[in-house]
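The notes follow in the order I made them.

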Amino acid sequence: MRREMHETVPGDEIYGPGTFIDKTPLPVPEDARRVFELLALGTPGFTKDKAAWNTVQFEGRPDPMIPGPIKAPVVAAALHGMAGLVANELLELRDGKPVTENNVKVDTDHAGIWLGSVFTTYINGSDLMALGASKKMDNLFEQDFEHGFGKGISSRATAIYQTKDPRVWYQLHGSLDANTALRTMGINPDVTFDTPQGYYDYIQGHVRQWSPDELEMHNVRHGLCGSICYSPEGWRKTEFGKRLAEHPLVNVSQETYTSPTPPVPLSLPSADRRPLAGVKVLEMVRIIAGPQCGCMLASYGADVIRVNCSRLADLNVLQLTLNAGKRTIDLDIANSSDMSRLFELVSEADIFLQGFRPGTLDRKGLGLKNMLEIAAKRNKGMIYIDENCYGPNGPFHERPGWQQIGDAASGSSYVMGRSQGYKEGKSVLPPLPISDMITGLVGALAGMIALRERAVKGGSYKVTSSLVAADTIALEKEVGLYPPEVVKETNERCGFKEITPDQYVSEVLVNVVLGWKKGLPGYLDEDSSLMTTFEEGPWGRQTLLKPVVRLGVEEATPKWTSPPVPHCYHDRGISWL
């Protein structure tokens, strides 16, 4: 099958150093097919059989659908297509025969909306916008996991600020304890203002007294989040960028230095025909990227038990979508009896998924080497999925990071700022939690590849999925950026508003969802074909965006068989299914 040629031209004058613009943009489904083949070719362990590639079909509207020039929906659709193909490989291994209907379908509009799916749910007929406007959102949560996060000055502790060098902007991040981070900088967290803009201006007055390098050293010294808003070229020239570039986006490695373990056949439950039915996943994560990885694995049939600690902060709203198909329990790794229970679950798990800062769980006996020892003792390989910010190694490997840090470091925030017409390094967030969602998707895809390898070769495997890598892939020359005229047309069609440096992720995301309701009428409605509804759940009747991939065998197509539940919902004595 002939593919359209794709050419890019340097975009330095438009989007900044190290950027590349499509000479002739392709329709989105065609572009997704092209990027799928690009990623398939560059992913170790992924089939290079062109006949297998051609079983993946992309469909959807031809036009881009998010603000800015970054092709996140195209990349997301391509990766979902890869996951669907690996799912069919798992079905063939499990069933011992070829899948007769082995086609994979991906709707590129669905893949784009999926990037913002944490804000597309309905509760008892009301979407999140209506719940927020009516002040009913807080009433949904019996337990407040935010512990005051996002109120007062902390609402602007995470934002992009101009430094002493007016050409360099910096992504501050208060994490889930903004007051502590602010105090280390000499900023009074107890001040009060009438508007969020007042808090932003107050913090900006302090940040402008710091050089970019002073901010970097300060955050390293105190173990805090933050990043210079690099241009794509600026990031690639750093030692950190060079080290990350040595690794593929979908990063799976067999841990051969441990005692060998035999192949583990995929189980064949009598009722559930989904590819991962019978696979046990223990999830220790927070916020979006890690939970999204587990959410995807659950949709493909895995039994996912999510471990939270009720004394640790998290974002309440994310429970509504990212706990779909899971069971959740409350365990505190600072408590010896809870640790004993945790190790009981680990002893039977096929996949251990963790999203804590590198090294944190190692000190509790839950690191990679600990898991490999458990695997060796039980003579059954383990798959260790590590979701982090900066990748498998390098000088920044152990630094904490969030979506916004990945956006700033990679050059995504810089490119988005230039696409808004800003100059001199003024940067803004990408329109969606792209790096979070892509990181989760990559982790799930890599985990499925590792399961396939374990079923054939045996052994244990490590997966690393990083936020910065999830961003940098869309800035590569071979992927390309949309030219300004395409960005302008998309903004006009959907009525997207300007993105500014002071905004938080949720504020930008609301703007995009409202734009979709104008530019994609009906797609986000409760009765849309892209939605699925649970009539009864902890929050009542709930509607969610369906998983993106459709397999040729309907019974095997990804879906959740149980609705989302709150954190720490189930009894800690639950057992694997």
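I took a salt bridge as a side-chain nitrogen of Lys or Arg within 4 Å of a carboxyl oxygen of Asp or Glu. The model is predicted, so I kept local features only at pLDDT of at least 70 and side-chain atom pairs only at pLDDT 80 or more, while totals for chains, interfaces and linings use all residues. Residues are numbered from 1 along each chain as its sequence is written, and side-chain values use heavy atoms, with hydrogens and water left out.

Entry one: count. I found 32 salt bridges in the structure.

Entry two: Lys71. I looked up its pairing with Asp22 and got a salt bridge with the closest N and O atoms 2.5 Å apart. Lys71 is in the loop between strand S3 (56–59) and helix H4 (72–95), and Asp22 is in strand S2 (residues 20–22), so this pair ties together parts 49 residues apart in sequence. Helices (H or I, at least four residues) and strands (E, at least two) are DSSP runs, numbered from the N terminus.

I then noted a salt bridge between Lys71 and Asp31, at 2.8 Å for the closest N and O atoms. Asp31 lies in helix H2 (residues 28–41), so its pair with Lys71 ties together parts 40 residues apart in sequence.

I used buried for under 20% relative accessible area, exposed for over 50%, and partly exposed in between (1.4 Å probe, protein chains only). Asp31 is buried at 0%, and Lys71 is buried at 0%.

Entry four: network. I recorded Asp22, Asp31, Arg34 and Lys71 as linked by salt bridges.

Glu535 is exposed at 53%, and Arg541 is partly exposed at 30%.
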